[in-house]
Amino acid sequence: MTARPRIAVSSCLLGELVRFNGGHSRDRFLSGALDPFVDWVRICPEMELGLGTPRETLRLERSPDGPRLMTRTTGVDLTGRMTALARARSAALDVDGYVFKSRSPSCGLHGIPLHPEGGGRPVGKRNRGAFASVVTDAHPLLPVEDEGRLNDALLRESFVERVFAHARLRELLDGEWRPADLVAFHARHKMQILAHDPVHYREAGRVVARAGVRPRQELGADYARAFRSALATKATVGRNVNVLQHCMGMITLDPARRADLVEVIESYQAGRVPLSVPTTLLRHHARCQPAAYVRDQTYFLPFPEALRLRNHVPA
């Protein structure tokens with residue numbers, strides 16, 4: 001796994017002193033465990049607008065034309081400037097994921113309060129920040145999260161898996177790839193895709209089946225859309241079990257070892273052990289015999305092992 005994800009991030013989450021109060025919101029996972037494995041693209045839209053720090057706080061206000069981004073005390077409308085900045089940033093954005101600052105009227109992804117015009121108690125809390133809304137609309141398949149939701153083990157694992165998968169695809173398509181390279185890429189990712197979305201798994205397979213026939217640019221674009229759409233669907237316990245059983249069927253095992261593996265997969269399915277237990281055991285068996293197809297599947301190592309993200313027990 002050589003590809004390093006490029007991840008856009010609200011720069012306060014990496015410790016930069018750009019918050020409204022002159023402070024930061026350093027996140028320990030982003031600036032600690034994940035940092036050695038990714039390249040960050042740091043973004044603070046408020047600073048890029050020239051608002052400086054410390055600065056007046058902002059809020060979203062209701063209007064007939066949709067939410068407006070307003071300064072809280074002086075009532076300056078920043079919507080047009082923020083929208084223009086977000087569109088410019090979106091057009092040039094070449095990243096594999098984005099981590100936004102939670103609860104921010106500019107960068108928040110979930111539950112941002114919407115106030116009445118001129119202020120007052122919020123009238124709704126189902127909004128996105130003004131900057132984040134434009135970016136996510138422009139890149140609907142981009143893996144995005146906020147640092148608060150990344151405290152959830154399952155959401156963290158899903159996000160990190162997706163950004164590393166996006167990075168591997170970007171590395172392939174940015175190079176001088178041939179149809180055979182796309183076929184090989186898909187072969188290594190088949191089980192990972194299947195664990196997420198069987199429908200897009202079949203779609204990606206149909207695209208690859210025409211490698212060498214269709215124009216290269218169209219082929220790459222269609223495969224990227226199917227691949228990213230598949231990964232956007234969260235893997236489930238049931239689909240993971242299906243993949244584990246599928247891989248087990250391609251490995252030659254004596255009856256005792258097969259029975260052990262079946263028991264471990266059933267324990268995962270029942271919520272007694274994390275996914276790392278059956279995947280580690282399958283990888284071990286695949287390494288001990290000529291089972292290159294199984295051994296090389298990105299499903300078994302979708303991100304660096306040091307991140308230890310498959311160690312939670314499914315609910």
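Trainee: In what order do the strands of the open sheet with parallel pairing stand?
Mentor: The four strands of that sheet are ordered β2-β1-β5-β8. Its edges are β2 (39-43) and β8 (144-146); each has a single partner strand, so one side of each is left without a neighbour in the sheet. This is a predicted model, in which local features need pLDDT of at least 70 and side-chain atom pairs count only at pLDDT 80 or more, while totals for chains, interfaces and linings use all residues. Residues are numbered from 1 along each chain as its sequence is written, and side-chain values use heavy atoms, with hydrogens and water left out.

Trainee: What counts as a strand, and when do two of them pair?
Mentor: Strands (E, at least two residues) and helices (H or I, at least four residues) are DSSP runs, numbered from the N terminus. Two strands pair if DSSP finds at least two bridges between them.

Trainee: And how many bridges pair β1 with β5?
Mentor: There are three bridges, in the parallel sense, between β1 (residues 6-10) and β5 (residues 97-100). Within this pairing, Gly-97 of β5 stands opposite Ile-7.

Trainee: Which strands of that sheet does α4 touch?
Mentor: Helix α4 packs on the sheet and touches β2, β5 and β8. Its direction makes about 165 degrees with that of β5. Axes are lines fitted to C-alpha atoms, for helices over the stretch in contact, and angles run from 0 to 180 degrees between N-to-C directions. Contact means heavy atoms within 4.5 Å.

Trainee: At what angle do α3 and α4 pack?
Mentor: Helix α3 (residues 79-92) and helix α4 (residues 130-138) pack at about 35 degrees, and their axes are 9 Å apart. On the α3 side the contact includes Met-82, Leu-85 and Ala-86, and on the α4 side it includes Phe-131 and Val-134. By type, the contact residues are eight nonpolar, two polar and two charged. Here Ala, Val, Leu, Ile, Met, Phe, Trp, Tyr, Cys and Pro count as nonpolar, Asp, Glu, Lys and Arg as charged, and the others, Gly among them, as polar.

Trainee: Changing topic: what is the strand order in the open sheet with mixed pairing?
Mentor: Its four strands have the order β4-β3-β6-β7. The edge strands are β4 and β7 (124-127), each pairing on one side only. Neighbouring strands are turned by 50 degrees against each other on average, direction ignored.

Trainee: How many bridges join β3 to β4?
Mentor: Four bridges join β3 (residues 58-61) to β4 (residues 68-71), and the two strands run antiparallel. Arg-59 has Met-70 as its bridge partner, and Leu-60 has Leu-69. Six residues lie between the strands of this hairpin, in which Gly-66 takes a positive phi near 110 degrees.

Trainee: How many residues has the largest nonpolar core?
Mentor: It has 40 residues, and those with the most contacts inside it are Tyr-223, Phe-227, Leu-282 and Tyr-299. A nonpolar core is a set of buried Ala, Val, Leu, Ile, Met, Phe, Trp, Tyr and Cys residues joined through side-chain atoms within 4.5 Å. Buried means under 20% relative accessible area, exposed over 50%, and partly exposed in between (1.4 Å probe, protein chains only).

Trainee: Which helix gives the most to this core?
Mentor: That is α8, with seven residues. Apart from this core lies another, of 25 residues, among them Leu-69, Cys-107, Phe-131 and Leu-142.

Trainee: What is Leu-282 in contact with?
Mentor: Leaving aside neighbours within four places in sequence, Leu-282 is in contact with Leu-244, Cys-247, Met-248, Ile-251, Leu-261 and Phe-300.

Trainee: Is Glu-147 buried or exposed?
Mentor: Glu-147 is buried, with a relative accessible area of 9%. Its place is in the loop between β8 and α5. Not counting residues up to four places away in sequence, Glu-147 touches several residues, including Asp-27, Lys-101 and Ser-102.

Trainee: Where is Ala-221?
Mentor: Ala-221 is in helix α8 and is partly exposed, at 38% relative accessible area. Its C-alpha atom is separated by 36 Å from that of Leu-60, 161 residues apart along the chain.

Trainee: Finally, how many helices and strands does the chain have?
Mentor: The chain has 12 helices and eight strands. Of its 315 residues, 50% count as buried. The C-alpha trace spans about 75 × 50 × 35 Å along its principal axes.
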